[in-house]
Amino acid sequence: MLYEKAAEQKSVNGMWSVSQAKDAKLAVNPCYVGSPAAAGRIAARTVTYVAVSDQRSEQVILYQSAKAASQALADVRKALVRCPAIQTSQTAYRYSGSPLPLGDEGLAVTGQLYQGGKAKVGGERVVLTRRGNALVVYARSGEWGAPDKTDFAHQTKDAQTMLAKICQVAKCS
């Protein structure tokens, strides 16, 4: 994992955690119930950082097969369409996704707070990508403004770095 060494260090600004729970919630959950992409997991590792205005997650999840990992990504895509925005009297929090040419298949997910149809400060940007039987996830939440493609640069770079290593633990062929 890319952020495990950082997680070993004490941080004055936030808190790191590392988990090997294969039933860990996926770092992005458009429906807020259950956990998409949970079926068929054989192993998982999650590194999370939480601070006042910043949250980051790194996940590597191994599935029984490439087909199961592909289905996990499909489950997230379906949730993006199926699950409605979270509404209050003044605001809405919506998720959207777009294909990302990364790994065997990839997805960029935006979670964004809206008020009166205009993007407000607050949201998350997530890159999910599959290579073989592995799902690699990099998520950042924080003080995002209106969605922009450049919001995914850091997560995409991290995902590319992990994809270069993932075949050491995943079945990539």
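Me: In this predicted model, what is the pairing when the bonded cysteines of the protein chain are numbered in sequence order?
Reply: Numbered in that way, the bonded cysteines of the protein chain pair as 1-2 and 3-4, and a search of the whole structure finds 2 disulfides.

Me: Why is the pair Cys 31 and Cys 83 called a disulfide?
Reply: The name requires two cysteine sulfur atoms within 2.5 Å, and the sulfur atoms of Cys 31 and Cys 83 lie 1.4 Å apart, so this pair counts as a disulfide. The pair links distant parts of the chain, with Cys 31 in the loop between β1 and β2 and Cys 83 in the loop between α2 and β4, 52 residues apart.

Me: What makes the disulfide of Cys 31 and Cys 83 right-handed or left-handed?
Reply: The torsion about its S-S bond is about 55°, and therefore the disulfide of Cys 31 and Cys 83 is right-handed. For Cys 167 and Cys 172, which are joined with an S to S distance of 2.1 Å, the torsion is about -105°, so that disulfide is left-handed.

Me: How do you know whether Cys 31 and Cys 83 are buried or exposed?
Reply: A residue is called buried when its relative accessible area is under 20%; Cys 31 has 18%, so Cys 31 counts as buried, and Cys 83 has 15%, so Cys 83 is buried as well.

Me: Why is Cys 167 called partly exposed?
Reply: Partly exposed covers the range between the 20% limit for buried and the 50% limit for exposed, and because Cys 167 has a relative accessible area of 40%, the term applies to Cys 167. Cys 172, at 28% relative accessibility, counts as partly exposed too.

Me: What makes Met 162 a buried residue?
Reply: Met 162, which is found in helix α3 (residues 153–163), has a relative accessibility of 5%, and because buried means under 20%, Met 162 counts as buried. Leaving aside residues up to four places away in sequence, Met 162 touches Met 1, Leu 2, Glu 58, Val 60, Val 136 and Tyr 138. One of these, Glu 58, is 104 residues from Met 162 along the chain, while their C-alpha atoms are separated by 10.0 Å.

Me: How many helices and strands does the protein chain have, and why is the chain called as compact as a globular protein of its length?
Reply: The protein chain has 3 helices and 8 strands. Its radius of gyration is 16 Å, close to the 16 Å that the globule rule gives for 173 residues, and therefore the chain is as compact as a globular protein of that length.

Methods. Residues are numbered from 1 along each chain as its sequence is written. This is a predicted model: local features need pLDDT of at least 70, side-chain atom pairs count only at pLDDT 80 or more; totals for chains, interfaces and linings use all residues. Side-chain values use heavy atoms; hydrogens and water are left out. Helices (H or I, at least four residues) and strands (E, at least two) are DSSP runs, numbered from the N terminus. The radius of gyration is taken over C-alpha atoms; the globule rule is 2.2 Å times the number of residues to the power 0.38. Buried means under 20% relative accessible area, exposed over 50%, partly exposed in between (1.4 Å probe, protein chains only). Contact means heavy atoms within 4.5 Å.
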